[in-house]
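Reader: I am new to this structure. Please take me through the surroundings of the ligand, then the helix packing.

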Amino acid sequence: MTDIATAESPKAAAPATPPLLSVNNIEVVYNDVILVLRGLSLEVPEGQIVALLGANGAGKSTTLKAISGLLKTEDGEVTRGSITYRGKTITGQDPGAIVRKGIFQVMEGRRIIADMTAHENLRLGAHTRRDREIADDIDRVYEYFPRLKERTGLAGYLSGGEQQMLAIGRALMARPKLILMDEPSMGLSPLLVKEVFGIIGKLNRDLGITILLVEQNARMALQAASYGYIMENGKVVLDGAAEALRDNEDVKEFYLGGGGEARKSFKNLKSFKRRKRWL
Ligand code: ATP
């Protein structure tokens, strides 16, 4: 007899098990007055790559900082809703505590320490660890990014692509389960963008690292991800399996090359009302 629960089923868009990360209807306010996230919800299932897309200022970086606890350093606060990791709330916790739980944010603009070497930057990524396997892990990062091993000078002199790789390598030093990646393709040549996305896929496949990927490069992000969210003005306006989003006419128009600078609001699309019923 076939057990229905174990019978093979087509890839489902929504996960059956509780997600690794769940952001539930959060509101974020900066400086006590500036409301930036207005009821944002999303889920990241374990072992997957989930893309978070949207125009400049939509609130993507703010979402990542709310998860990693880095909002505090910018006088921002989650004022409503909750963020749970493995079913337990992490809302408002210190960034250090969140890193120790296995969540690491690779910041936009890379934020490596320019007047330290690549090696010193990597050691810094392990600062929350107490174990003695740090040197082995640095060797493993060099296996992923051999070019970094050759660069012995100050990190400030690394190319844009190398700095991005160092930022990802530094995240690996914390042995993360979930990486929050903010615009890894920013400022890179098309060839390097391809290389960086190749590495992101490899980290997910080989090391089982779950990734929440914020990107302006929707095309690359939706190729790498299994699921995607599109946000505008502090909330999600559309979400779905990456494949479905890639074929969605509105997404194509606004995020896959059709839109250009004079993009209208996603919300003003006639078809948006129809699609909204799916949300
Ligand atoms: P981008 O791709 O341009 O970084 P984004 O979608 O990541 O865009 P956020 O950086 O999250 O957007 O910014 C969302 C809104 O929050 C913007 O209007 C921005 O001006 C505002 N904002 C961001 N950081 C702060 C801050 N520290 N204090 C006040 N307002 C902020």
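**Around the ligand**

Author: Two elements, β2 (34-44) and α1 (60-68), each supply at least two residues of the shell around the ligand. Helices (H or I, at least four residues) and strands (E, at least two) are DSSP runs, numbered from the N terminus. This is a predicted model: local features need pLDDT of at least 70, side-chain atom pairs count only at pLDDT 80 or more, and totals for chains, interfaces and linings use all residues. Residues are numbered from 1 along each chain as its sequence is written, and side-chain values use heavy atoms, with hydrogens and water left out.

α1 gives the most to the shell, with 3 residues. In total, 16 residues surround the ligand. A residue is near a molecule if one of its heavy atoms lies within 4 Å of it. The closest are Gly57, Gly59, Lys60, Ser61 and Thr62. By class, the shell has 5 nonpolar, 7 polar and 4 charged residues. Here Ala, Val, Leu, Ile, Met, Phe, Trp, Tyr, Cys and Pro count as nonpolar, Asp, Glu, Lys and Arg as charged, and the others, Gly among them, as polar.

Now the polar contacts, pairs of N or O atoms within 3.5 Å. Thr62 places a polar side-chain atom 2.5 Å from a ligand oxygen atom. Ser61 uses its backbone: a polar atom there is 2.8 Å from an oxygen atom of the ligand. Glu74 has a side-chain N or O atom 3.0 Å from a ligand nitrogen atom. The protein covers 68% of the 630 Å² of accessible area that the ligand has on its own (Shrake-Rupley method, 1.4 Å probe).

Next, the helices. α6 (residues 160-172) and α7 (residues 190-207) pack at an angle of about 15 degrees, with their axes 10 Å apart. Therefore α6 is roughly parallel to α7 (angles under 35 degrees count as such). Axes are lines fitted to C-alpha atoms, for helices over the stretch in contact, and angles run from 0 to 180 degrees between N-to-C directions.

Technical notes. Polar contact = N/O pair within 3.5 Å; in protein donor to acceptor, adjacent residues only side chain to side chain. Parallel < 35°, antiparallel > 145°, perpendicular 65-115°, else oblique.
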